[in-house]
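Subject: Structure handover

Hello,

Here is the structure I promised to pass on. Please open it first, then read my notes next to it.

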Amino acid sequence: MNPNDERHMRHALSLAARGLGRAWPWPSVGCVLVRDDRIVGRGTSDEVTLRHAEVVALEQAGNEARGATAYVTLEPCSHQGRTPPCADALIEAGVARVVAALEDPSPKVSGDGFRKLKAAGIKVETGLRAAESRNQNKGFLNSVRSSRPMVTLKLASTIDGRIATASGESRWITGPEARRVVHVLRMTHDAVLIGAGTARADDPELTVRDLGADRQPVRIVASRNIRLSEESRLFKTSAETPVWIVCGEDAAACDQAGRWQDAGAKVIPVLADNGQISPTAMLAALAQAGLTRVLCEGGGMLAASLLAADLVDELVVFSAGKAIGAEGQPSIGPLGLAELNAAPTFELIETRWVGYDAMLRWARPTSTT
């Protein structure tokens, strides 16, 4: 490896981070082209023109791509999809070396991109900052390997784990700084998911605001029987910003489903489990629809169902210096645990202050990823 390889791959990873929440159903990839230790091109997967990161970088570099090294966060694709293969584009441009963080495990690639490059005489090196790329591509990798998107569960609670008073009042438990971070989380996910109870109680809009976002996440409500208000913000804005309703199979043909569809929403029927939407079936349907990263913002019953089914990849918990007491509504509903060793377990990966609130990020233990 070249001494500067680390620096250039970090740059590529930073470019890929810009596409999170924007590139689905693709992975978000970053590419940096370097010739004589000078950056001649760089790119991120472009959701508007459908160009992949390598093509964006190659077009920027022009003739200077010949003899250059390409640093990419994921193996260049080798198949004809909505765009021609990136491996072919790198070969035609005369790139001399490709440094890739991670192999693409999807069946249409799975090492073929590397094999194409090597057959053309291009030097290929892999594994640089692979752990970071793997974490960044967790949503895409989940969709390929487990047929479900990555799930981030966001909780904002008091120090005693309550998300609302007994009467349902919840605005605002955390401060404006924490709420701004939540908008950043929304921006970096393909979709925001809530349960029907939260939709009825809070009438949320679930959009990214005050950050100059030019693309909004899909807004998803899980509602077994589509018991949702047609006076809600989601209903009134569903023609402007995507709204998906996940419901039970028998509810897909009901009058409410038709009215939501007429308003612009998409209705996705899935299997029910014990009278409730199956979280496994729901995530499989969302992956089938192309989503790779889903941010769940509650409520407590939906959070509990995802945790009980072992479907949460990361927890982002905002803790406010307030106490409501046992009569308040818990942040997580019943899990039905009889033994402590059956409790969902996560590893703490980040702690920081956000205004007057504490933010803790927890991840699925490494041994289970």
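A residue counts as buried when its relative accessible area is under 20%. Thr69 has a relative accessibility of 12%, so Thr69 is buried. Please keep in mind that this is a predicted model.

Start with Thr69. Thr69 sits in strand 3, which covers residues 69-72. Leaving out residues up to four places away in sequence, Thr69 touches Val32, Leu33, Val34, Arg97 and Val99. What about the rest of strand 3? Both of its faces are covered. Thr69 and Tyr71 lie on one side, Ala70 and Val72 on the other, and all are buried.

Which strands pair with strand 3? Strand 1, residues 30-35, pairs with strand 3 in the antiparallel sense, over 4 bridges. Within that pairing, Leu33 is opposite Ala70. Strand 4, residues 97-100, pairs with strand 3 in the parallel sense, also over 4 bridges. Here Ala70 stands opposite Val98, and Val72 has Ala100 as its bridge partner.

**A helix pair**

Next, look at helix 11 (residues 279-288) and helix 12 (residues 300-308). Two packed helices are described by the angle between their axes and by the distance between those axes. The axes of helix 11 and helix 12 come within 9 Å and cross at roughly 90 degrees. The two helices are therefore roughly perpendicular to each other.

Which residues meet there? Pro279, Met282 and Leu283 of helix 11 meet Leu302, Ser305 and Leu306 of helix 12. Sorted by class, the contact has 5 nonpolar residues, 1 polar residue and no charged ones.

**Residues in loops**

Ala265 is in the loop between helix 10 (255-263) and strand 11 (266-270). Is Ala265 buried or exposed? Its relative accessible area is 8%, so Ala265 is buried. Neighbours within four places in sequence aside, Ala265 is in contact with Ser238, Val243 and Trp260.

Pro25 is in the loop between helix 1 (5-18) and strand 1. Check the peptide bond from Trp24 to Pro25: the bond is cis, with omega near 5 degrees. Pro25 and Ala265 are 240 residues apart in sequence, and their C-alpha atoms are 19 Å apart in space.

Asp37 has a positive phi of about 60 degrees, although it is not a glycine. Asp310 also has a positive phi of about 60 degrees, and it is not a glycine either. Asp37 lies in the loop between strand 1 and strand 2 (38-44). Asp310 lies in the loop between helix 12 and strand 15 (314-320).

**Salt bridges**

How many salt bridges does the structure hold? There are 24.

Asp37 takes part in one of them. Its partner is Arg7, and the closest N and O atoms are 3.5 Å apart. Arg7 lies in helix 1 and Asp37 in the loop between strand 1 and strand 2, so the pair ties together parts 30 residues apart in sequence. Arg7 has a relative accessible area of 39% and is partly exposed. Asp37, at 45%, is partly exposed as well.

Arg186 and Glu297 form another salt bridge, at 2.7 Å from N to O. This pair links distant parts of the chain. Arg186 is in helix 7 (residues 176-187), and Glu297 is 111 residues away, in the loop between strand 14 (293-296) and helix 12. Both Arg186 and Glu297 are buried.

Asp250 and Arg224 also meet in a salt bridge, again at 2.7 Å from N to O. Asp250 has a relative accessible area of 56%, so Asp250 is exposed.

Finally, there is a network of salt bridges. The network links Lys138, Glu314, Glu350, Arg352 and Arg361.

Best wishes

Technical notes. Residues numbered from 1 in each chain as written. Predicted model: local features only at pLDDT ≥ 70, side-chain atom pairs only at ≥ 80, totals over all residues. Heavy atoms only, no water. Buried < 20%, exposed > 50% of the residue type's maximum accessible area, 1.4 Å probe, protein only. Contact = heavy atoms within 4.5 Å. Pairing = 2+ DSSP bridges. Axes fitted to C-alpha atoms, helices over the stretch in contact; angles between N-to-C directions. Parallel < 35°, antiparallel > 145°, perpendicular 65-115°, else oblique. Nonpolar A, V, L, I, M, F, W, Y, C, P; charged D, E, K, R; others polar. Salt bridge = Lys/Arg side-chain N within 4 Å of Asp/Glu carboxyl O.
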